Amino acid sequence: MTLILLIRHGENDVMHRRLAGRLPGVHLNENGRKQAQSLAKALEHAPIEAVYSSPLERALETAQPLAEMRGLTVRIRPALSEVDYGEWQGRTYKQLRRIKLWKTVQEDAASVRFPNGETLVEVQQRVVQELENLARQHARPVEEGKPPPPEAVIAAVAHGDIIRLALAHYLNMALNDFHRLVVFPASLSLVRVNQGERPLVIHINQIAGFMWQPAPQPKSDKKARS
């Protein structure tokens, strides 16, 4: 049995203006660095045994304080990387909203392939497969006649759409409904995976040092992909 901490990277200066995608050099801003530190502090007593991360800078910079707190090294996993948005990467949301395919992404995401990029079906498959592999690697064997061992706890630092697609899978939601899930920067969602049993989604979009967050408007929600 493995408890997976799904963590979205902290805030950066690109996320509300452009579709960052896999652009290199997108770093946490000052607030994002504070978010990463606050999250690490909130989890200082969590028995995390491994910290995995997308290879992109904003994810690594979020993962690092958490790993240092536990005396761990961040393990880079390419399968946790952001969606390959192809030709959309780096474009402003103002530009993207003029494209006919943008509306299709909002209404029928499962049918879309980003120009010279991935489909969200492919993304969901690679991310879920990665999480399942990690859960299996860390699960402790149950020995007959002995009490069950404590569950393994691991962290996976990734991106908004990556986490939403994973949660949609574990909630048995249609992929087209993944837009209904909200995942704030530096938020924590918990999924318990036990081989051969139904997975459990324990928390979604939990923020360290809880503070009131207004419900996102549809426009800003769509713009928050990065």
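This is a guided tour of a predicted model, going from its sheet to its cores and then to its salt bridges.

**The sheet**

Start by colouring the strands. There are 6 of them in an open sheet, ordered E3-E2-E4-E1-E5-E6, with mixed pairing. Strand E3 (75-76) and strand E6 (200-207) are the edges: each has a single partner strand, so one side of each is left without a neighbour in the sheet.

Select strand E2 (residues 50-53) together with E3. These two pair in the parallel sense over 2 bridges. Pick out Ser 53, whose bridge partner in E3 is Ile 76.

**Leu 66**

Move to helix H2 (residues 57-70) and select Leu 66 within it. Is Leu 66 buried or exposed? Its relative accessibility is 2%, so Leu 66 counts as buried.

Which residues surround it? Setting aside neighbours within four places in sequence, Leu 66 is in contact with Ile 7, Ala 40, Leu 43, Ile 48, Val 51 and Ala 155. For a sense of scale, draw a distance from the C-alpha atom of Leu 66 to that of Val 112: the separation is 35 Å, for residues 46 apart along the chain.

**The nonpolar cores**

Next, show the side chains of Ile 4, Leu 6, Trp 88, Leu 120 and Leu 131. In the largest nonpolar core, which has 39 residues, these five touch the most other members. The elements that give two or more residues to this core are E1, E2, helix H3 (93-96), helix H4 (100-107), H5, E4, helix H6 (160-170) and E5.

Centre the view on Ile 4. Not counting residues up to four places away in sequence, Ile 4 touches Leu 131, Ala 135, Ile 154, Ala 156, Ser 189, Leu 190, Val 191 and Val 193. Another core lies apart from the largest one; it has 19 residues, including Ala 40, Val 153, Leu 188 and Leu 190. As background, nonpolar side chains in soluble globular proteins tend to be buried together.

**The salt bridges**

Switch to the charged side chains.

Select Glu 118 and Arg 22, whose side chains meet in a salt bridge with an N to O distance of 3.5 Å. This pair links distant parts of the chain, 96 residues apart: Glu 118 is in the loop between H4 and H5, while Arg 22 is in the loop between E1 and helix H1 (30-42). Glu 118 is buried, at a relative accessible area of 12%, whereas Arg 22 is partly exposed at 30% relative accessibility.

Go on to Arg 113, which forms a salt bridge with Glu 122; the closest N and O atoms are 2.8 Å apart. Arg 113 counts as partly exposed at 44% relative accessibility, and Glu 122 is partly exposed with a relative accessible area of 32%.

The next pair is Arg 180 and Asp 177, a salt bridge in which the closest N and O atoms are 3.6 Å apart. Arg 180 counts as exposed, at 67% relative accessibility. Asp 177, at 27%, counts as partly exposed.

Salt bridges that share partners join Arg 22, Glu 118 and Arg 126 into one network.

Methods. Residues are numbered from 1 along each chain as its sequence is written. This is a predicted model: local features need pLDDT of at least 70, side-chain atom pairs count only at pLDDT 80 or more; totals for chains, interfaces and linings use all residues. Side-chain values use heavy atoms; hydrogens and water are left out. Two strands pair if DSSP finds at least two bridges between them. Helices (H or I, at least four residues) and strands (E, at least two) are DSSP runs, numbered from the N terminus. Buried means under 20% relative accessible area, exposed over 50%, partly exposed in between (1.4 Å probe, protein chains only). Contact means heavy atoms within 4.5 Å. A nonpolar core is a set of buried Ala, Val, Leu, Ile, Met, Phe, Trp, Tyr and Cys residues joined through side-chain atoms within 4.5 Å. A salt bridge is a side-chain nitrogen of Lys or Arg within 4 Å of a carboxyl oxygen of Asp or Glu.
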